[in-house]
Amino acid sequence: MTMDDFKTKKRVILTGLALLLVMDGALAYYNSRLAVRDENPGAKLKAESQQVAWVKADVERANKIKTRLPETQKYFDQFETTLPPAGKGYSMVSQEVGEIARETHVQVQDLKFREKEISGRNVNEIEIEALLDGDYGGIVRFLNRLQRSKNAYVVDSLGLDSVTSGGTGNQAPPGTVKVSLHLRSYFRKT
């Protein structure tokens, strides 16, 4: 390879690199022009105006809630006075659950209570767990009656437990459903 061949190759390579740089610059300029065209001032103004309207609507809703807060607080205070006192709440719940179970032909097994204090209120929350045995219709009637009770009950969850059918010993009769019930009730502090 002669020196002239080397210089020629070097010029070709440098010319190719210069052309690539010029093309890269042209593409960058073209890309920036495309980005500017996408920014339609009218569409941008419309989108920002919509955002402002949504924020104003949220503020208006928050102000309405704030003005109704004393009324809501009064309702909660009235509700608390209708709750049974904590001193006789457990026996009342046990008695009511037992009566509903007898009337709907459901057996209540393993009734458990767990008390939780609610801060800032004159109320205790009672978590109730029970295991129910009965036919499907009886379980549904039991839950319906519980929901229509004069006492406040909130059903948190129902779970279907396993039942062995057959009708002898510890086995349940055919058609029996075993349900674990988790609910809450509230008692007024005394």
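Leu132 is in contact (heavy atoms within 4.5 Å) with Val106, Gln107, Val108, Ile139, Phe142, Val177, Lys178, Val179 and Leu181, leaving aside its neighbours within four places in sequence. This is a predicted model: local features need pLDDT of at least 70, side-chain atom pairs count only at pLDDT 80 or more, and totals for chains, interfaces and linings use all residues. Residues are numbered from 1 along each chain as its sequence is written, and side-chain values use heavy atoms, with hydrogens and water left out.

Start with the core. Leu132 belongs to the largest nonpolar core, which has 20 residues. A nonpolar core is a set of buried Ala, Val, Leu, Ile, Met, Phe, Trp, Tyr and Cys residues joined through side-chain atoms within 4.5 Å. Buried means under 20% relative accessible area, exposed over 50%, and partly exposed in between (1.4 Å probe, protein chains only). Leu132, Phe142, Leu146 and Leu181 touch the most other members. Helix H3 (86-104), S2, helix H4 (136-147) and S4 each give two or more residues to this core. Helices (H or I, at least four residues) and strands (E, at least two) are DSSP runs, numbered from the N terminus. In soluble globular proteins, nonpolar side chains tend to be buried together.

Next come the strands. Strand S1 (residues 107-117) pairs with S2 in the antiparallel sense, over nine bridges. Two strands pair if DSSP finds at least two bridges between them. Arg114 has Glu127 in S2 as its bridge partner. Five residues lie between the strands of this hairpin, and Gly120 there takes a positive phi near 80°. Asp110 has a phi of about 60°, and its place is in strand S1. His105 has a positive phi of about 60° as well. His105 lies in the loop between H3 and S1 and is exposed, with a relative accessible area of 64%.

Now the charges. A salt bridge is a side-chain nitrogen of Lys or Arg within 4 Å of a carboxyl oxygen of Asp or Glu. By this rule there are eleven. Which residues does Arg184 bridge to? One is Glu125, at 3.4 Å from N to O. Arg184 lies in strand S4 (residues 177-188) and Glu125 in strand S2 (residues 123-134), so this pair ties together parts that are 59 residues apart in sequence. Another is Asp156, with the closest N and O atoms 2.9 Å apart. Asp156 sits in strand S3 (residues 153-161), and its pairing with Arg184 links parts of the chain 28 residues apart. Salt bridges that share partners join Arg114, Lys116, Glu125, Glu127, Glu129, Asp156 and Arg184 into one network. Glu125 is buried at 7% relative accessibility. Arg184 is partly exposed at 21%, and Asp156 is partly exposed at 43%.

Lys64 and Glu60 form a salt bridge of 3.7 Å, N to O. Both lie in helix H2 (residues 41-82), four residues apart, about one turn of the helix. Lys64 is partly exposed at 46%, and Glu60 is partly exposed at 48%.

Last, the surface. Ile13, Leu14, Leu17 and Leu20 make a nonpolar patch of about 410 Å². Leu17 has its place in helix H1 (residues 3-38). Leu17 is partly exposed, with a relative accessible area of 48%. Patches are made of residues with over 30% relative accessible area and no salt bridge; like charges are joined within 9 Å, nonpolar side chains (Val, Leu, Ile, Met, Phe, Trp, Tyr) within 5 Å. Accessible areas come from the Shrake-Rupley method with a 1.4 Å probe; for residues, only the protein chains shown count as cover.
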